[in-house]
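I opened the model and kept notes as I went. The entries follow in the order I looked things up.

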Amino acid sequence: MIDRIRFIWQLLVLGCILALLGIPAILLLHVEITPAVLLICLGSVTIINLITYLLMYSGIQKKDKEGMVFLLGGIGVKFLLYLLFILLFWVATKNLSKAFILTFFALYLIFTFFTAGHLLKLLKNK
């Protein structure tokens, strides 16, 4: 229980830090992405990683065979949620610029490494 609360807290802090650093950075560097798009992307990535972590955390707490199903299901859900986000964003804006794609993949990598680090700590402790 404490691990989940700690992860949620650290995930929200990471999201806030990236928002506080990202908005001035895109304004200073004159990137083709707006602060609203950055915040939408950041919020979506945060929520997707939270859902994935909670699903995988419940899998780690189960027995071996059931736990593996939850872990693989978490990876599948994460992939589908990211795919759905990109599809909905593309339908809404009709344009995926290079700046958006780079921003999305940078956030994806940051949050994936963050989530994977927490899951590896849980697996080591179990």
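At what angle do the axes of helix 2 and helix 3 cross, and within what distance do they come? I find a crossing at roughly 165 degrees, with the axes within 8 Å. That makes helix 2 roughly antiparallel to helix 3. My terms: axes are lines fitted to C-alpha atoms, for helices over the stretch in contact, and angles run from 0 to 180 degrees between N-to-C directions. Under 35 degrees counts as roughly parallel, over 145 as roughly antiparallel, 65 to 115 as roughly perpendicular, and the rest as oblique. Helix 2 passes helix 3 in a right-handed crossing. A crossing is right-handed if the near helix is turned clockwise from the far one by less than a right angle, and left-handed if anticlockwise. I sorted the residues of this contact by class and got 17 nonpolar, 8 polar and 1 charged. Here Ala, Val, Leu, Ile, Met, Phe, Trp, Tyr, Cys and Pro count as nonpolar, Asp, Glu, Lys and Arg as charged, and the others, Gly among them, as polar.

Ground rules next. The model is predicted: local features need pLDDT of at least 70, side-chain atom pairs count only at pLDDT 80 or more, and totals for chains, interfaces and linings use all residues. Numbering starts from 1 along each chain as its sequence is written, and side-chain values use heavy atoms, with hydrogens and water left out.

Overall view. I count 4 helices and 0 strands, in the order α-α-α-α from the N terminus. Helices (H or I, at least four residues) and strands (E, at least two) are DSSP runs, numbered from the N terminus. The C-alpha atoms fill a box of roughly 50 × 30 × 15 Å along the principal axes. Of the 126 residues, 35% are buried. Buried means under 20% relative accessible area, exposed over 50%, and partly exposed in between (1.4 Å probe, protein chains only).

Helix 1 against helix 2. Their axes lie 10 Å apart at an angle of about 165 degrees. The two are therefore roughly antiparallel. This crossing is right-handed. Contact means heavy atoms within 4.5 Å. By class, I get 16 nonpolar, 4 polar and 2 charged residues.

The loop between helix 1 and helix 2 holds H30. I noted its positive phi of about 55 degrees, although H30 is not a glycine. H30 counts as exposed, at 69% relative accessibility. I also checked A36, in helix 2. A36 is partly exposed at 47%.

Helix 3. It has 30 residues and reaches 43 Å from first C-alpha to last, close to the 44 Å expected at 1.5 Å a residue. The expected span is 1.5 Å times one less than the number of residues. Which residues of helix 3 are buried? They are G67, L71, G74, K78, Y82, F85 and F89. Their cover includes helix 2 and helix 4. Just after helix 3, K94 takes a positive phi of about 60 degrees.

Helix 4, residues 98-125. Its 28 residues reach 41 Å, close to the 40 Å expected. Among its buried residues are F100, F104, L107, F111, F114, H118 and L122. What covers them includes helix 1, helix 2 and helix 3.
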